[in-house]
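Q: I would like to learn how to read a protein structure step by step. Could we look at one together, taking each feature in turn?

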Amino acid sequence: MRLGLRGRLALASASSGALGLLAAGAFFSESRALLGTAALALGLAASALAGLGARRMTRAAKEIAGATEKMAKGDLEARARVVGADELGELGRSLDALAEGLDSTLGDLRSERDLLGGVLTAMTEGVMLITDGRVRVMNRALRQMLLLDSSAVGKRLLEVIRRADLQEILDRARRGTEPVLDELELTGLKPRRVLVHAMQLDLDSPSLLVVLVDVTEQRKLESLRRDFVANVSHELRTPIASVRSAAETLRTAMQKDPVAAAGFVEMVERNADRLHRLVEDLLDLSRIESRHYQLATEALELGSALDHAVGLFADRAAAKGLKLAVERGEPLRARADRRALEHVVSNLVDNAVKYCPGGAEIRARAVREPAGVIRVVVEDTGPGIEARHLPRLFERFYRVDAGRSREVGGTGLGLSIVKHLVEAMGGAVDVASTPGKGTAFSFTLPAA
């Protein structure tokens, strides 16, 4: 059948429509495939990014947890070191800053603790802190005073201190509001006099600070000062009373009994001379102890120095029937002050001449000892000195026989001056004696 033109056009139009529909369907199918592929790719990418993010967060959390655990155990040098601008990064940086601040603060506290510990250790005063009835702090000086060891820290006070007098002072400090000040006598291997200062501290718990100050030497010096004043007063009173009595008697005896008057004049002269020696010795002792006695040490040949000092007493020794000699050995030279050396030797020889009976021997000599030391010895064969007197011979105004010392004109200061002069020249003085056999005074000097 042949179609006309209109039929052919209609058929062409229908064919083109069918082809368009087929093409559109294919396009949509292809588009859906592409969209599915893209969605799948995006899902996989999102999953991968989420996994990476989760692993990073897990790693950061583990680093923060590990650093926190180390810090909790005391290692403040541990750091999280987490990077990033998220919440975990901010948390890690805050934690690191906190650790640095704590480390710096603890370092300052350690420095203050070490400084305080060093101060307490170096203090000569005893310090003890008591909190809630237990000893919390106790320095070395206090342990030495109370003969305790370091195990006392942390114990109850009653377990550490068993002295009723000290407990009574601490109880007074607890009951009152003002500090308590008192003194105690500590007995034992080394008896001491201590000043106790106890006061409450304004802390969270009841606390008591106790400070013990060793005043043994101070009280000893005070006692020496009192004894010194009493001895000087006594020494001055006797010759002054004698001079006054002789002067009063002399006024009436000059006309009636000229011979007796001469005896009283001699008494006045003798006591005036004694007063003069006493004042001179006191001045010398004062200058030596106050460091105003200037020494000019030089190398001295001891043999000639001993000859000169001993020779001053040759006449007195001969008049009393004493044998006085200098034993010369090898030439020895020592570093000493010439005037001080003569004073020391003269004083020792003078004492020997005063107290030795007729027929006794007095010898002076110098001998070399090890370690660059020269020892000078003045010994006699006199009556000797009992052992109980030897430790105190060099004290001021100490006399073995007070009556005889005053009779021969001694002031009681000579040996004390000897001790101070020898020590000022870098030496030491010593004495050895056997009753009935004699006495040997000696002192050392540095060899030149």
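A: Let us begin with one residue and keep in mind that this is a predicted model. D165 has a relative accessibility of 32%, so it counts as partly exposed, a class that lies between buried, under 20%, and exposed, over 50%.

Q: With which residue does D165 meet in a salt bridge?

A: The general idea is that side chains of opposite charge can pair when their charged atoms come close. In this structure the side chain of D165 meets that of R163, with 2.7 Å from N to O, and R163 counts as partly exposed because its relative accessibility is 23%.

Q: How many salt bridges does a search of the whole structure find?

A: The search finds 22 salt bridges. Among them is the one between R375 and E369, whose closest N and O atoms are 2.7 Å apart, and E369 is partly exposed, since its relative accessible area is 27%. Another joins R363 to E361, where the closest N and O atoms are 2.9 Å apart.

Q: Are R363 and E361 buried, partly exposed or exposed?

A: R363 is partly exposed because its relative accessible area is 22%, and E361 also counts as partly exposed, with a relative accessibility of 29%.

Q: Which residues are linked with R363 and E361 in a network of salt bridges?

A: The network links E361 and R363 with E327, R365 and E379.

Q: Which residues line the largest cavity?

A: Its lining is made up of E301, L302, G303, L306, E327, R328, G329, E330, P331, L332 and A366, so that E327 belongs both to this lining and to the network of salt bridges. Helix 8, residues 302-311, gives the largest share of the lining, with three residues.

Q: Where does Y355 lie, and how far is its C-alpha atom from that of D380?

A: Y355 lies in helix 10, which covers residues 338-355, and it counts as partly exposed because its relative accessibility is 24%. Although Y355 and D380 are 25 residues apart along the chain, their C-alpha atoms are separated by 9.9 Å.

Technical notes: Residues numbered from 1 in each chain as written. Predicted model: local features only at pLDDT ≥ 70, side-chain atom pairs only at ≥ 80, totals over all residues. Heavy atoms only, no water. 1 Å grid on protein atoms, 1.4 Å probe; cavity = no way out; pocket = protein on both sides within 12 Å on 5 of 7 lines; lining within 4 Å. Helix = DSSP H or I, 4+ residues; strand = E, 2+ residues; numbered from the N terminus. Buried < 20%, exposed > 50% of the residue type's maximum accessible area, 1.4 Å probe, protein only. Salt bridge = Lys/Arg side-chain N within 4 Å of Asp/Glu carboxyl O.
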